[in-house]
Amino acid sequence: MNYPILYSFRRCPYAMRARMAITSSGLTVELREVELKNKPSSLIALSTKATVPVLLTMDNKVIDESLDIMVWSLSSADPDGWLTNLSSDQKTVSNKLITNNDSEFKYWLDRYKYANRYPEHGQQVYRQHAEKSLSVLENHLSNTRYLLGSELSIADIAIFPFIRQFYFVDPAWFEQAGYPKLNGWLQQLIESHLFELIMHKYTPWKEGEPTLTFPEAFFS
Ligand SMILES: N[C@@H](CCC(=O)N[C@@H](CS)C(=O)NCC(=O)O)C(=O)O
């Protein structure tokens with residue numbers, strides 16, 4: 001094994017944030033693109049919950065939570081200070097925003113996105129619940145470019161893929177809904193070079209295939 005191994009799925013927001021942190025830290029990993037309907041047995045063997053992303057480090061440690069993968073990457077190198085430049089107050093706010101995103105917001109996002117699977121309420125009800133989180137983010141962005149201040153941080157990256165999903169349910173609605181700062185922040189991240197780098201399309205990995213590296217793709 002020449003590199004840490006990352007089991008990933010291109011469109012998964014958790015995997016996106018892990019890939020963004022890995023790319024920012026300048027690390028190279030072996031990328032194994034997963035089909036969620038046909039998970040490789042080696043992934044299931046590493047982590048019984050078998051969600052993506054999963055990282056196997058060079059010293060055989062298994063990290064199967066996307067936030068832990070972000071922190072692990074940024075702890076090895078953090079050239080843009082996403083984590084290391086944060087004050088302890090900023091870290092507290094960051095943790096609060098990310099926790100809300102991963103619990104409350106994600107809960108309503110799933111219902112808004114797949115409203116037909118949750119027929120108890122109409123889609124608008126789910127959207128209204130999710131809007132509580134959007135308002136909090138809009139407030140954070142009222143005077144600063146990013147969620148924690150003038151610089152991009154782990155909070156922006158951890159949350160952005162989920163706001164992107166929310167946006168794409170109904171872009172026209174989002175753009176007129178009264179979240180101009182959040183929309184500007186979102187569009188800037190969608191158009192960023194970093195995001196482009198992590199969204200390349202890969203064919204699903206199969207056992208025994210040559211190593212494909214990420215972020216720079218080469219086979220060995
Ligand atoms: N808490 C996990 C959640 C990861 C997660 O739920 N990933 C989804 C894909 S976006 C998944 O693998 N779901 C399992 C499945 O669909 O079988 C993390 O942050 O890594």
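Me: Lys106 and Asp110: buried or exposed?
Reply: Lys106 is buried, and Asp110 is too. Buried means under 20% relative accessible area, exposed over 50%, partly exposed in between (1.4 Å probe, protein chains only).

Me: What kind of model is it?
Reply: It is a predicted model: local features need pLDDT of at least 70, side-chain atom pairs count only at pLDDT 80 or more, and totals for chains, interfaces and linings use all residues. Residues are numbered from 1 along each chain as its sequence is written, and side-chain values use heavy atoms, with hydrogens and water left out.

Me: How many salt bridges turn up in the whole structure?
Reply: Five. The criterion is a side-chain nitrogen of Lys or Arg within 4 Å of a carboxyl oxygen of Asp or Glu.

Me: Back to Lys106. Where do Lys106 and Asp110 lie?
Reply: Both are in helix α4, four residues apart, about one turn of the helix. Helices (H or I, at least four residues) and strands (E, at least two) are DSSP runs, numbered from the N terminus. Lys106 and Asp110 form a salt bridge, with their closest N and O atoms 2.8 Å apart.

Me: Which residues share partners in a network?
Reply: Lys49, Asp64 and Glu65, joined by salt bridges.

Me: What does Arg17 pair with?
Reply: Asp102, in a salt bridge whose closest N and O atoms are 2.7 Å apart. Arg17 sits in helix α1 and Asp102 in helix α4 (residues 88-113), so the pair ties together parts that are 85 residues apart in sequence.

Me: How accessible is Arg17?
Reply: Arg17 is buried, at 1% relative accessibility. Asp102 is partly exposed, at 25%.

Me: And what does Glu30 do with Arg32?
Reply: Their side chains meet in a salt bridge, 3.0 Å from N to O. Both residues are buried.

Me: New topic. Where is the kink in α6?
Reply: At Phe160, shortly before Pro161; the helix spans residues 154-169 and the kink is about 35 degrees. The bend at a residue is the angle between axes fitted to the seven residues ending there and the seven starting there.

Me: Is α6 enclosed or open?
Reply: Largely enclosed by the rest of the structure, because 14 of its 16 residues are buried. Asp156 belongs to this helix, and its relative accessibility is 0%.

Me: Where is Glu175?
Reply: In helix α7, residues 171-176. Glu175 is partly exposed, with a relative accessible area of 47%.
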